[in-house]
Amino acid sequence: MNSAEATEPEQPRNQSVNRPTNLLSDWRIAVLILFALWGLIYMVGLSTPALLDDADTVHAEAAREMVQRHDWVTLYANGVRYLEKAPLMYWSVATSYTMFGVDEWSTRFPLMLGVLCIILATYGLGRWAFGPEGGFASALVMTTALGPYLFTRFLIPDVPVGFWLTLTYWMFLKSLEEENPSRWVCWGLAAVCALNVLTKGLIGVVYAFAAPEMTAENGVVIAHEMLHTVGATDKYNLADDAPRFPEGFGDPGQIPLYPQRNAELMAGRRMLASDRWEQASSLDEVVVGAATAQEIRWPQHAE
Ligand SMILES: [Zn+2]
């Protein structure tokens with residue numbers, strides 16, 4: 001053993017460098033910090049603004065009628081059967097209405113609990129895969145990221161879908177690691193996939209938007225969702241996704257009318273013929289129409 005090495009003051013220096021990490025390696029402290037951040041970011045704005053027209057209110061209305069009709073199987077919106085969506089989110093909102101009454105905050109509350117779940121699941125998965133530091137860092141990113149925040153400004157089930165996907169992925173990795181995957185991992189994997197199907201249909205089993213070639217299309221989706229947060233409403237029919245005339249057309253005055261050169265951002269689709277349309281494939285194809293400009297109060301269009 002080298003005596004010069006032994007006299008080096010290695011020990012204390014290491015300790016002082018590691019102290020913050022040691023504190024965060026205690027899962028209780030990490031979870032407490034994440035919980036506080038979640039409360040600050042997601043719970044403070046729970047009751048404002050009012051629910052938006054269109055998707056936001058239709059989804060809330062379907063949950064309200066669930067409670068009103070005592071029918072938790074067949075969904076109704078404004079008295080019309082509403083069968084195009086998976087039920088789990090409506091069940092959660094209807095449960096919230098039963099417990100707390102119908103209000104803006106009780107509409108959003110289940111979704112915010114979904115955010116808490118995805119934060120904790122991300123922490124769990126990150127900690128399992130990369131240790132305490134990795135777990136905390138990934139959960140911190142999840143808590144403060146813009147995307148999940150935007151996707152909870154109106155009532156859509158995408159955050160719960162992300163939560164089930166996180167658990168699915170975690171159990172899938174666990175099953176790869178175990179020579180003979182344990183029964184609870186296998187059944188757990190099946191169960192979270194099933195819950196995801198109950199949340200958003202078959203997308204719970206197949207999900208492909210993460211591919212690099214989807215980047216341009218994702219850009220359109222993100223811009224679309226961002227404009228929702230400043231007051232823009234959808235310009236397509238909920239029934240068949242067709243852009244509405246004239247406000248959902250890139251240029252309603254174009255001659256000839258079809259095919260439209262551009263898509264309107266809040267319609268998200270470009271008309272090719274009177275009965276055909278396609279998803280806008282990048283932001284280059286997209287314009288903000290007059291109706292949307294007015295909703296988001298662009299100066300030259302605002303009264
Ligand atoms: Zn939309």
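**Helices H5 and H6.** I looked up how helix H5, residues 88-100, meets helix H6, residues 104-144, in this predicted model. Their axes come within 8 Å and cross at roughly 130 degrees. I checked that angle against the classes: over 145 degrees would count as roughly antiparallel and 65 to 115 as roughly perpendicular. H5 and H6 are therefore oblique to each other. I noted the hand of the crossing of H5 and H6 as right-handed.

**Residues in that contact.** On the H5 side I listed Ser92, Val93, Ser96, Tyr97 and Phe100. On the H6 side I listed Ser106, Thr107, Phe109 and Pro110. Sorted by class, the contact of H5 with H6 has 5 nonpolar and 4 polar residues, and no charged ones.

**Confidence.** I then looked up pLDDT. The mean for the protein is 87, and 88% of its residues reach 70 or more. Among the elements of the protein, H5 has the highest mean pLDDT, at 97. The lowest, 44, belongs to helix H1, residues 3-7.

**Strands E4 and E5.** Last, I looked up the pairing of strand E4, residues 269-273, with strand E5, residues 276-279. The two strands run antiparallel and are joined by 4 bridges. The link from E4 to E5 is a hairpin through 2 residues. Which residue of E5 stands opposite Arg269? I found Gln279 there.

Definitions and conventions
Residues are numbered from 1 along each chain as its sequence is written. This is a predicted model: local features need pLDDT of at least 70, side-chain atom pairs count only at pLDDT 80 or more; totals for chains, interfaces and linings use all residues. Axes are lines fitted to C-alpha atoms, for helices over the stretch in contact, and angles run from 0 to 180 degrees between N-to-C directions. Angles under 35 degrees count as roughly parallel, over 145 as roughly antiparallel, 65 to 115 as roughly perpendicular and the rest as oblique. A crossing is left-handed if the near helix is turned anticlockwise from the far one by less than a right angle, and right-handed if clockwise. Two residues are in contact if their C-beta atoms, placed from the backbone, lie within 7 Å. Ala, Val, Leu, Ile, Met, Phe, Trp, Tyr, Cys and Pro count as nonpolar, Asp, Glu, Lys and Arg as charged, and the others, Gly among them, as polar. pLDDT is the predictor's confidence in each residue, from 0 to 100. Two strands pair if DSSP finds at least two bridges between them.
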